[in-house]
Amino acid sequence: MTLQRIKLSVLIATLVLSLGFFITNMKIRSASARAGNNHDAALSFEMTAMQQGAQQQADPPVEQVQKNIKVLNGLPVSQLIPVMNFMASSLGVRCDYCHVRGQDGHLQPDSDAKPTKQTARGMIQMVLNINRTNAAALQGATVTCYTCHRGQTAPQNLPTLPIATATRGPGGAAPVGVGAAAAALPTAEQILEKYITAIGGRPAIAKVQTILMKGTTEGQGGRQMPFEITLKSPENLLTSMAAPQGGTFSRGLNPSGGWMRGPRGARAASASDLVQMKRQAQAFWVLKLSEPFPKMTVVGRDRVGDRDAFVLESTPSENMKQLFYFDAETGLLLRELIITKTMLAPLPEQFDFGDYRDVDGVKLPFMLRYSNVDDSTQLSITEVKSNVPVDDSIFKMPPPAPAATPTPSRP
Ligand code: HEC
Ligand code: HEC
């Protein structure tokens with residue numbers, strides 16, 4: 001039984017891991033494109049990935065890497081852009097609300113020319129002070145830019161009149177959301193057992209040995225791109241996606257490491273790629289269904305769209321919290337919310353799962369959506385095959401292509 005669980009687990013976790021990995025790959029490119037490097041998406045993808053690799057191998061404090069840091073001292077450099085995105089989305093603005101753009105269209109983030117950047121610096125300082133000096137009053141909660149700004153540059157400090165009385169019953173509205181009605185909740189074990197049953201039960205799960213998936217990704221820009229994922233055991237994974245300029249991007253994982261290949265050739269995965277994969281594998285630990293389960297506690301009920309869900313929480317590390325939303329009726333996993341603590345604000349990342357369908361006796365989500373404070377990407381799966389024989393050699397790193405060879409365009 002334990003072995004079966006582990007097997008199943010492994011497959012599904014790897015599957016989801018590969019999707020996350022894949023999305024990261026896309027996001028790196030879309031971020032570079034927005035930063036103004038979209039003359040060559042392939043190049044900027046490779047460069048950004050390499051820069052990130054270099055940075056993350058040792059993740060130094062941002063002031064050692066950037067030129068003009070005055071208040072975010074001590075923030076690991078890998079968290080700088082996610083924190084910037086958090087600030088931008090809290091105010092409902094883009095980077096150039098605070099940062100000057102040069103004539104070439106590129107951001108000049110070290111410049112202090114915009115007054116909004118100076119104000120923002122004061123605001124960062126204020127938020128750090130609020131949280132530092134009011135821990136007792138806040139009872140574990142954090143004040144962030146969003147607490148006040150709510151997607152606007154000018155926070156509202158008065159309620160809008162007339163006050164919406166309908167929402168206030170005698171003594172105030174009953175609390176809804178996480179934490180409510182704790183008395184009537186099932187245990188974590190019951191919720192997880194129901195999930196295993198819902199996705200097909202242990203015997204069906206144990207039969208799945210390989211998975212091949214095809215579908216399309218769609219980012220917020222609406223551009224669709226076909227992708228393909230092949231999985232065999234937790235250690236063997238191949239993802240490929242059409243590159244916008246022709247050719248394909250692939251990523252592979254095998255027991256001796258990982259690699260990436262773009263139209264310009266192949267290279268070994270950087271330390272940060274591998275770290276990312278591990279992090280994502282961890283993020284999807286519950287899908288692995290292996291025993292022992294990570295320690296999970298039931299934190300309440302909440303809504304996911306129009307569904308009622310039980311919420312389980314696990315804390316894999318001091319700086320990371322995961323919330324799992326299981327459909328109260330069907331038992332299926334609807335959402336995973338990962339919250340990473342940083343010195344300024346907790347950063348949310350969310351996976352939504354939907355359109356569960358039968359694949360050889362197990363239920364797999366055919367819709368996955370990844371969202372963070374910057375972006376959202378949906379994967380729609382059109383075809384899944386299980387137990388197709390897959391040769392291990394496809395997971396090995398391809399020989400480095402000669403740099404000058406033009407990539408044939410895709411059909
Ligand atoms: C609400 C204002 C605001 C927004 C929006 C914003 N930033 Fe910043 N950014 C700042 C402030 C303030 C600093 C300086 C922090 C400090 O002094 O410690 C900074 C610093 C930076 C730095 C370091 C610059 C250096 O050389 O010291 C980079 C890089 C950066 N931001 C990128 C971005 C990007 C990319 C975006 C959009 C995703 C963005 N920022 C959005 C306010 C903002
Ligand atoms: C405690 C509430 C609060 C928090 C938290 C907060 N702000 Fe503000 N912020 C304000 C208020 C109030 C103003 C003034 C708005 C106005 O001019 O009406 C403001 C103004 C600003 C402005 C200037 C807007 C403009 O157009 O002039 C920026 C930029 C800004 N905040 C950034 C941030 C950032 C970034 C964070 C998080 C690091 C943050 N704020 C957190 C309350 C807050």
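Predicted model: local features only at pLDDT ≥ 70, side-chain atom pairs only at ≥ 80, totals over all residues.

Visitor: Fine. Which residues come nearest to ligand 1?
Guide: Of the 26 residues around ligand 1, the ones that come nearest are Met-84, Cys-95, Cys-98, Pro-109 and Asp-110. Two elements, α3 (80-91) and α4 (115-133), each give two or more residues to that shell, and the largest share, seven residues, comes from α3.

Visitor: How does the shell around ligand 1 divide by class?
Guide: It has 16 nonpolar residues, with five polar and five charged ones besides.

Visitor: And ligand 2, what is closest there?
Guide: Ligand 2 is surrounded by 16 residues, of which Met-87, Met-123, Cys-145, Cys-148 and Ala-154 are the closest. Here α3, α4 and α6 (145-149) each contribute two or more residues, and α4 has the largest share, with six.

Visitor: How many charged residues are in the shell around ligand 2?
Guide: There are no charged residues in the shell around ligand 2, which divides into eleven nonpolar and five polar ones.

Visitor: Switching topic: which residues have the most contacts inside the largest nonpolar core?
Guide: That core has 37 residues, and those with the most contacts inside it are Val-311, Leu-312, Phe-324, Tyr-325 and Phe-326. There is also a second, separate core of 14 residues, which includes Leu-75, Met-87, Val-127 and Ala-345. Met-87, a member of this second core, is also among the residues closest to ligand 2.

Visitor: What does Phe-326 touch?
Guide: Leaving out residues up to four places away in sequence, Phe-326 touches Ile-191, Tyr-195, Ala-309, Phe-310, Leu-312, Gly-331, Leu-332, Leu-333 and Leu-334.

Visitor: Now the strands. Along β3, which side chains are buried?
Guide: In β3 (residues 210-218) the side chains alternate, so that Ile-211, Met-213, Gly-215 and Thr-217 point to one face and are buried, where buried means 20 or more other C-beta atoms within 10 Å of the residue's own.

Visitor: What does Lys-214 pair with in β4?
Guide: Its bridge partner in β4 is Glu-228, within an antiparallel pairing in which nine bridges join β3 to β4 (residues 224-232). The hairpin of β3 and β4 has five residues between the strands, and Gly-222 takes a positive phi near 90 degrees there.

Visitor: And what stands opposite Lys-214 in β15?
Guide: In β15 the residue opposite Lys-214 is Glu-383, and β3 and β15 (residues 376-386) pair in the antiparallel sense over eight bridges.

Terms used
Residues numbered from 1 in each chain as written. Chains lettered and ligands numbered in written order. Near = placed C-beta within 6 Å. Helix = DSSP H or I, 4+ residues; strand = E, 2+ residues; numbered from the N terminus. Nonpolar A, V, L, I, M, F, W, Y, C, P; charged D, E, K, R; others polar. Core = buried A, V, L, I, M, F, W, Y, C linked by C-beta atoms within 7 Å. Buried ≥ 20, exposed ≤ 12 C-beta atoms within 10 Å, placed from the backbone. Contact = placed C-beta atoms within 7 Å. Pairing = 2+ DSSP bridges.
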